[in-house]
Amino acid sequence: MTTAIGADTARKPATMAQALGRALRDAMAADPSVHVLGEDVGTLGGVFRITDGLAKEFGEDRCTDTPLAEAGILGTAVGMAMYGLRPVVEMQFDAFAYPSFEQLISHVSRMRNRTRGAMPMPITVRVPYGGGIGGVEHHSDSSEIYYMATPGLHVVAPATVADAYGLLRAAIASDDPVIFLEPKRLYWSKADWSADAPEQVPPIGRAVVRRPATGGRRSATLISYGPSVPVCLEAAEAARAEGWDLEVVDLRSLVPFDDDTVCASVRRTGRAVVVHEATGFGGPGGEIAARVTERCFHHLEAPVLRVAGFDIPYPPPMLERHHLPGVDRVLDAVARLQWESEWTEGSAV
Amino acid sequence: MTVLEQPGAYRPTPPPGWQPRVEAGPLLPDAEPYRLLGTAAAAGISPDLLTRLHRELVRGRRYNTQATALTRQGRLAVYPSSTGQEACQVAAGLVLEDRDWLFPSYRDTLAAVVRGLDPVDALTLLRGDWHSGYDPHAHRVAPLCTPLATQLPHAVGLAHAARLKGDDVVALALVGDGGTSEGDFHEALNFAAVWHAPVVFLVQNNGFAISVPLAKQTAAPSLAHKAVGYGMPGRLVDGNDVAAVHQVLAEAVRRARGGGGPTLVEAVTYRIEAHTNADDATRYRPDSEVEAWRAHDPIALLEDAMRDRRLLDDEGVQAARESAERLAADLRTRMHQDAVLDPMELFEHVYADRTSQLREQAAQLRAELDAEAGDSGKGE
Ligand SMILES: Cc1ncc(C[n+]2csc(CCOP(=O)(O)OP(=O)(O)O)c2C)c(N)n1
């Protein structure tokens, strides 16, 4: 399935936040079973204004300010889905989704399985996630690994404005539950539709090469998603000066995982670095590195490296820049790939 | 008329052996919030207490306006103001004994300061230098809690533990009207009642959970009514009447300390400022509503009552204001100094002993910081 953005270019949203709002609006207009619910999503339009105007346009029954209770929001969404609606739930911030985990893990993720397919859960859970916006405690968690570790959930994280639109439409259209991770610090990033926005977006589960490399002797693949994609693109630009030709793969979807696109890239470049801001130990990078190693072992000229947040609770805002993986840390990892490759090349002669 | 519409329709034949376990009557809150200031009963309040409450109210207001100003100057990342709610904050901060514990939420910095916390330490979380800027044991104030209602079961557990140890300790837990919808609120109240724990729950009903008004939060006659279902008394009080809040809390604390179990107090107040400096309150409420509540200002209510009893004159007001200005000046000066932070502390308190992974990561950051320092050194 592909999702058309619509030909009206004048109305194309300019920021990721606007693109998400537009996706919700268009989905609600296209399908009366789509309902938005959450804290402050109605009158206020959400604390990030993503749902702005929806209550006005579609009424409070379709864009509903709920009582303040995440377990209740997701639990009632389960019941709504049982009765044929398509709830789109907003969690106000990453760490505030935790009260809903019981519903998510015990019911949302496995209802299809429990009922032998009789009761699908077409629920989209939108989670503004990640750091870099100076938020106080509990406003910056990268919680993707909890979701990834739960079979039955799709986990999606857009990195561009166009993907934010297309992937959210796809998530809402999906008959399975989708955890839709919205990188907060990209909410205000501007669209560059001409460069990266095809009029059609691919289904959930497809990675994309954001920046191709030629696959020469000093090339490597940076594998990333969400807020770390722009970091990788910047690092790739900077690495040119060092003679590195870096390919950047934007996963877009963590579950399902697009082994094909990732492995095709790594086979070409022979090296890979996974970059994300979630903690490294037990983090998404470990899974990705293992998959790449299993599939591309004979093509690898260096171990797959990970650049991740430190293994600490997300730090207070004044210290977050020391925690978040930035361009320099990515470049350091790339430099370590070279050492490995020299050793490999040296041993070959 | 259906059976549901007929009160008593169920009554004639209860099942054998059925007994009401608790008389619900005494648990039920009054229909109207309890007022004390301006009533005859106010004559019973000690002048010393009133003077103390007044001073803290005036200082509290100033603390709020100063902290809000600091957000505009970029010195504070965010501040959820308690302007308008100072009576609840002051009463909560003053009502406990030293050995008791306070469990505040992010909006309750003032209660913590009134309890004795350093005003700058209380703002550390909101400035962004550390998650909790104080040692909770030093003043028996739990860390300001951001996830809603999650501090409530902690208060119950602490009070329960103290009682198990034979200590004479009460816990006072603060929560907003929105927070009462969370599952943790329910679980905390239920545990407290079943365990008969010495806890007091104070709901500051300030009308809104960010943009959501109380009517969309609950269909209960009042939040205090929620107590009855758990088997504890619910008390409804005018949250802008500092004497009333203090009295109701003091009674609940006394009851808890005496082994009478938990109480739920709902203080009806209003959030005069926006949710935080990042919020635009004009989107969800009219100015006229705010103005109506301004006319019911906690400081004015107390000053009028005290002047009536000749417990306050212009001089007294002046003295309180001066004290407030000193507090604000001190806060300003110290908050205008850049926080001195050591990034290496990131690895310090994750575990009692650092894991080998954290040691490695600390070494990595050390090297980065040294390189940074080296670079900037060269530049000079
Ligand atoms: C579990 C959880 N969900 C959502 C939030 C985001 N949030 C912060 S404050 C707030 C409104 C709280 O309203 P209320 O409990 O009435 O307290 P008030 O801010 O009015 O003092 C919300 C939804 C949160 N902090 N924790």
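This is a predicted model: local features need pLDDT of at least 70, side-chain atom pairs count only at pLDDT 80 or more; totals for chains, interfaces and linings use all residues.
## Interface of chains A and B

Chain A brings 36 residues to the contact, and chain B brings 40 residues. Together the chains bury about 3,200 Å² between them, and carbon and sulfur atoms carry 63% of that area. On the chain A side, Leu68(A), Phe310(A) and Met318(A) supply 20% of the area buried against chain B, more than any other three residues.

Charged groups also pair across this interface, with a count of five salt bridges between chain A and chain B. One of the salt bridges joins the side chains of Arg321(A) and Glu372(B), with an N to O distance of 3.9 Å. The side of chain A that touches chain B consists of 18 nonpolar, seven polar and 11 charged residues.

## Ligand site

Where does the ligand lie? The ligand is placed between chains A and B, and 20 residues surround it. The closest of these residues are Glu70(A) from chain A, and Tyr106(B), Arg107(B), Gly178(B) and Gly179(B) from chain B. By class, the shell around the ligand divides into eight nonpolar, seven polar and five charged residues.

At Arg107(B), a ligand oxygen is 2.7 Å from an N or O atom in the side chain. At Asn206(B), a side-chain N or O atom is 2.9 Å from an oxygen atom of the ligand. Gly178(B) takes part through its backbone, where a polar atom is 2.8 Å from a ligand oxygen. The ligand taken alone exposes 580 Å², and the protein buries 96% of that area.

## Domains of chain A

Chain A is divided into domain 1, covering residues 13–191, and domain 2, covering residues 206–334. Taken over C-alpha atoms, the centres of these two domains of chain A are separated by 26 Å. Their contact takes 27 residues from domain 1 and 22 residues from domain 2.

How is the size of an interface often given? It is often stated as the accessible area lost when the parts come together. For domain 1 and domain 2 of chain A, the buried area is about 1,900 Å², and carbon and sulfur atoms give 59% of it.

Polar and charged pairs also link the domains. Across the interface of domain 1 and domain 2 of chain A there are 11 residue pairs in polar contact, with both residues at pLDDT 80 or more. Three salt bridges are found across this domain interface. Within chain A, Arg185(A) forms a salt bridge with Glu277(A), and the closest N and O atoms of this pair are 2.3 Å apart.

How values were computed: Residues are numbered from 1 along each chain as its sequence is written. Chains are lettered from A and ligands numbered from 1 in the order in which they are written. Side-chain values use heavy atoms; hydrogens and water are left out. A residue is near a molecule or strand if one of its heavy atoms lies within 4 Å of it. A polar contact is a pair of N or O atoms within 3.5 Å; within protein, one must be able to donate a hydrogen and the other to accept it, and residues adjacent in sequence count only if both atoms are side-chain atoms. Accessible areas come from the Shrake-Rupley method with a 1.4 Å probe; for residues, only the protein chains shown count as cover. Ala, Val, Leu, Ile, Met, Phe, Trp, Tyr, Cys and Pro count as nonpolar, Asp, Glu, Lys and Arg as charged, and the others, Gly among them, as polar. Domain bounds come from an automatic or database domain assignment. Contact means heavy atoms within 4.5 Å. Buried area is the accessible area (1.4 Å probe) that two parts lose on being put together, summed over both. A salt bridge is a side-chain nitrogen of Lys or Arg within 4 Å of a carboxyl oxygen of Asp or Glu.
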